[in-house]
Amino acid sequence: MAAAGGLFRNSSLFCAGPFMKFVRVGAHSWACIGGGEDVLHSYGANQGYAVDGETCVVIDSGFHPGTADRILRRVHRQHPKRLILVDTHYHSDHVFGNSILGDDGAAIISHEKCRHRMLSQSPSLLVKYRARDSRLSKLLHGVKITYPTITYTDRLKVHLDKVEARIIHPGERAHTDGDSMVYVPEDRVLFSGDVLWVGYHPNLEDANIPGQVRALRQIIRLEPRKIVPGHGPVCGLFEVRRLIRYLEQFDRNLYKALVDKLTLDQTIDRTIPIWAREWKMRRLAESYVRSRWSNARG
Ligand SMILES: [Zn+2]
């Protein structure tokens with residue numbers, strides 16, 4: 001494994017932003033918590049890692065090389081000899097940092113469908129993001145789309161030293177069709193990827209809402225002590241139950257609004273739970289409602 005962080009170490013251009021902070025969530029587990037809600041702050045996407053003995057499993061590589069480099073420098077403080085990266089799903093804010101860890105010798109694992117999505121969508125998503133904004137284009141400079149090399153379809157266990165990390169696919173489409181969650185039973189810590197969002201409206205563009213609710217119920221059954229969500233602060237099961245309530249109300253409200261043939265503005269107002277009005281990235285919820293409303297109009 002190469003020394004950490006060479007390429008991007010000293011460049012303020014690649015600063016991951018003032019929001020990123022590392023939080024210890026278990027004897028072996030760390031969360032890397034993002035912040036902000038715009039694309040220049042990676043939509044606030046989180047990452048994490050668990051270390052035991054000479055092996056470290058990293059969960060997601062972030063939106064750009066600066067984020068991945070910062071994680072890698074942190075991980076190298078523990079001097080692991082083996083690195084494993086798990087991509088929780090194909091969305092760019094979770095996988096565009098892959099090459100930084102891959103070039104450092106990490107094996108990259110994902111669900112089979114996550115890899116398929118990356119193969120078919122990541123190159124064009126990178127072109128699209130680079131064209132969007134010059135500051136974003138600078139942040140994404142050096143992104144080299146790097147695909148998972150190991151895939152699975154159901155469940156997988158990674159054995160660190162004594163500690164294991166269970167990689168869990170919900171069994172159906174939840175946030176996407178290729179989600180992975182990583183559970184470290186020894187710490188009772190779950191890295192949920194974007195199956196769970198805390199204080200952010202979830203991105204539903206690839207989601208199956210009932211499937212996501214069932215995946216959230218799986219999280220409850222695991223009885224984790226701490227959860228590192230895809231976006232938002234470290235939390236417990238209260239936030240899982242709250243997102244279930246949000247998704248169920250959202251789905252029910254949207255169905256009724258479409259049956260009642262409300263206008264677009266009325267549909268948005270009726271669909272998004274009023275008690276979530278302080279949550280970040282409301283535009284994601286609005287854009288999902290807009291596309292469902294347009295589809296219903298044929
Ligand atoms: Zn996502």
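Me: In which sense do strand E3 (residues 47-52) and strand E4 (residues 55-59) pair?

Reply: This is a predicted model, in which local features need pLDDT of at least 70, side-chain atom pairs count only at pLDDT 80 or more, and totals for chains, interfaces and linings use all residues. Residues are numbered from 1 along each chain as its sequence is written, and side-chain values use heavy atoms, with hydrogens and water left out. Helices (H or I, at least four residues) and strands (E, at least two) are DSSP runs numbered from the N terminus, and two strands pair if DSSP finds at least two bridges between them. E3 and E4 are joined over five bridges, and the sense of their pairing is antiparallel.

Me: How many residues of E4 are buried?

Reply: Thr55, Val57 and Ile59 point one way from E4, while Cys56 and Val58 point the other way, and all are buried (under 20% relative accessible area; exposed is over 50% and partly exposed lies in between, with a 1.4 Å probe and protein chains only). E4 is therefore largely enclosed by the rest of the structure, its buried residues numbering five of five.

Me: What is the hand of the β-α-β crossover from E4 through H1 to E5?

Reply: E4 and E5 run parallel and are joined by five bridges, and the partner of Cys56 in E5 is Leu83. The chain passes from E4 through H1 to E5. With the strands pointing away from the viewer, a path from the first strand over the helix to the second that runs clockwise counts as right-handed. This crossover is right-handed.

Me: By how many degrees are neighbouring strands of the open sheet turned against each other on average?

Reply: Seven strands form the open sheet, with mixed pairing, in the order E1-E2-E3-E4-E5-E6-E7. Strand E1 (21-24) and strand E7 (150-152) each have a single partner strand, so one side of each lacks a neighbour in the sheet.

Me: What angle does the direction of helix H4 (residues 112-132) make with that of strand E6 (107-111)?

Reply: Axes are lines fitted to C-alpha atoms, for helices over the stretch in contact (heavy atoms within 4.5 Å), and angles run from 0 to 180 degrees between N-to-C directions. Helix H1 (residues 65-76) packs on the sheet, touching E1, strand E2 (29-33), E3, E4 and E5, and makes about 20 degrees with E3. H4 also packs on the sheet, touching E6 and E7, and its angle with E6 is about 100 degrees.

Me: Which protein donors does the zinc ion have?

Reply: Donors are N, O and S atoms within 2.8 Å of the metal (3.2 Å for Na, K and Ca), and sites may look incomplete because water is not among the atoms. In sequence, the donor residues are spaced H-x1-H-x83-H-x18-D. His89 lies in the loop between strand E5 (82-86) and helix H2 (92-95) and His175 in the loop between strand E9 (164-168) and strand E10 (181-184), so this pair ties together parts 86 residues apart in sequence. Lying 2.2 Å from the zinc ion, the donors are His89 (NE2), His91 (ND1), His175 (NE2) and Asp194 (OD).

Me: What is the arrangement of the four donor atoms around the zinc ion?

Reply: Four donors count as tetrahedral if all angles lie between 85 and 135 degrees; four count as square planar and six as octahedral if opposite donors are over 155 degrees apart and all others between 65 and 115; anything else is irregular. Here the donor atoms subtend angles of 89 to 169 degrees, which makes the arrangement irregular.

Me: Is Ser42 buried or exposed?

Reply: Ser42 is found in the loop between E2 and E3, and has a positive phi of about 55 degrees although it is not a glycine. Most residues other than glycine have a negative phi. With a relative accessible area of 8%, Ser42 is buried.
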